[in-house]
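Keep the sequence and the 3D model open side by side.

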Amino acid sequence: MAAVDSFQLLYREIARSCSCHLETLAFVGACYTASKAVIFMRDCYSLIRLHFIPRLVSHRDLSQQYGQWALICGASEAIAKAYAEELARHGICVILISSDISNLADTAKAISDTYGVEAILIEADFSQGPSACKPIKDAISGKDIGVIVNSLDGSLDLSQGFMDISESILWDTINRNIVAATLVTRLALPNMVERGKGAVVNISDGRCLCPTSRKAALSASTVRSLLIFHPLEYCHDNVFL
């Protein structure tokens with residue numbers, strides 16, 4: 001290759017050799033810029049819809065839109081308590097379901113005293129089988145359940161290798177996450193369908209979205225997204241857990 005002692009000459013030769021690819025590169029650049037613009041506009045829309053529009057419009061009456069009562073499964077978890085308090089703030093009475101309600105008495109009393117709504121505690125251990133459903137059936141009888149919140153059971157978050165977990169603990173994990181969410185929804189859903197309104201919120205663990213060391217059992221039993229469904233969707237077997 002001959003030596004080049006002029007930058008202009010070198011630039012001209014390189015530009016000539018790349019000229020046939022300029023249109024392709026320009027097209028790729030335009031596509032990349034357009035995709036980034038679309039993502040930016042989508043994020044701006046989400047920001048406005050979630051944070052600005054709700055502050056400008058009047059607050060909706062959730063009890064009228066969904067129902068007077070909310071069913072919170074896994075109420076001992078922090079995120080479930082937050083849902084219960086927020087729903088109570090909107091005037092919705094709550095039924096708190098947990099396998100151990102000993103630490104929920106103060107929470108229920110605080111919700112009742114602060115927001116002036118009823119807060120009922122139900123102890124239901126789904127590791128015990130179908131008998132866990134009876135107190136829930138009795139509690140929701142005659143009540144217009146408008147919101148169901150299925151939270152995961154964080155007490156099952158064990159730092160053990162999958163081979164080290166006993167069968168009894170695996171059954172416990174499955175029953176207290178998968179079975180609980182499914183049966184609680186099934187118990188309250190007929191009333192929602194009859195009234196034609198309601199919402200079901202299924203809360204998962206972010207670790208179920210990717211492989212996590214020593215969390216296989218918990219991840220497998222909580223593979224459900226944070227989703228809200230209209231009750232009529234469940235009538236067509238579109239149950240997502």
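Cys73 is buried, at a relative accessible area of 6%. Buried means under 20% relative accessible area, exposed means over 50%, and partly exposed lies in between, with a 1.4 Å probe and protein chains only. Cys133 is buried too, with a relative accessible area of 9%. A search of the whole structure finds 0 disulfides. A disulfide is a pair of cysteine sulfur atoms within 2.5 Å.

This is a predicted model, where local features need pLDDT of at least 70, side-chain atom pairs count only at pLDDT 80 or more, and totals for chains, interfaces and linings use all residues. Residues are numbered from 1 along each chain as its sequence is written, and side-chain values use heavy atoms, with hydrogens and water left out.

Now the overall picture. The protein has 9 helices and 6 strands. Helices (H or I, at least four residues) and strands (E, at least two) are DSSP runs, numbered from the N terminus. Of the 241 residues, 34% count as buried. Take the contacts with a separation of 6 or more: residues 24 or more positions apart account for 72% of them. Contact means heavy atoms within 4.5 Å.

The arc is that of the directions from the helix axis to the C-beta atoms. Just after helix 6, Gly142 takes a positive phi of about 80°.

Step back to the loop between strand 3 and helix 6. Ala124 is found there. Ala124 counts as buried because its relative accessibility is 5%. Set aside its neighbours within four places in sequence, and Ala124 is in contact with Ile97, Ser98, Ser99, Ala132 and Ile136. Ala124 and Ala180 are 56 residues apart along the chain, and their C-alpha atoms are separated by 9.1 Å.

Helix 5 covers residues 105–115. Its buried residues include Thr107, Ala108 and Ile111. Seen down the axis of helix 5, the buried residues fall within an arc of 100°, so they line one face of the helix. Asp106, Lys109 and Asp113 are exposed on the other side of helix 5. The cover over the buried residues of helix 5 includes helix 4 (78–89), strand 2 (93–98) and strand 3 (119–123).

Is Ala110 buried or exposed, or in between? Ala110 counts as partly exposed, because its relative accessibility is 39%. Ala110 and Glu85 are 25 residues apart in sequence, yet 9.2 Å apart in space, C-alpha to C-alpha.

Next, helix 7. Thr182 lies in it. With 33% relative accessibility, Thr182 counts as partly exposed. The C-alpha atoms of Thr182 and Asn150 are separated by 8.8 Å, and these residues are 32 apart along the chain. Thr185 is found in helix 7 as well. Thr185 counts as buried, at 5% relative accessibility. The side chain of Thr185 reaches the backbone oxygen of Ala181 at 2.8 Å.

Asn150 comes up again from another direction. Which side chain does the side chain of Asn202 contact? It makes a polar contact with the side chain of Asn150, at 2.9 Å. A polar contact is a pair of N or O atoms within 3.5 Å; within protein, one must be able to donate a hydrogen and the other to accept it, and residues adjacent in sequence count only if both atoms are side-chain atoms. Asn202 is found in strand 5 (residues 199–202). Asn202 counts as buried, because its relative accessibility is 0%.

Last, a charge and a ring. Lys143 lies over the face of Trp69, at 5.1 Å from the ring centre. A charge sits over a ring if NZ of Lys or CZ of Arg is within 6 Å of the ring centre and within 35 degrees of the ring normal.
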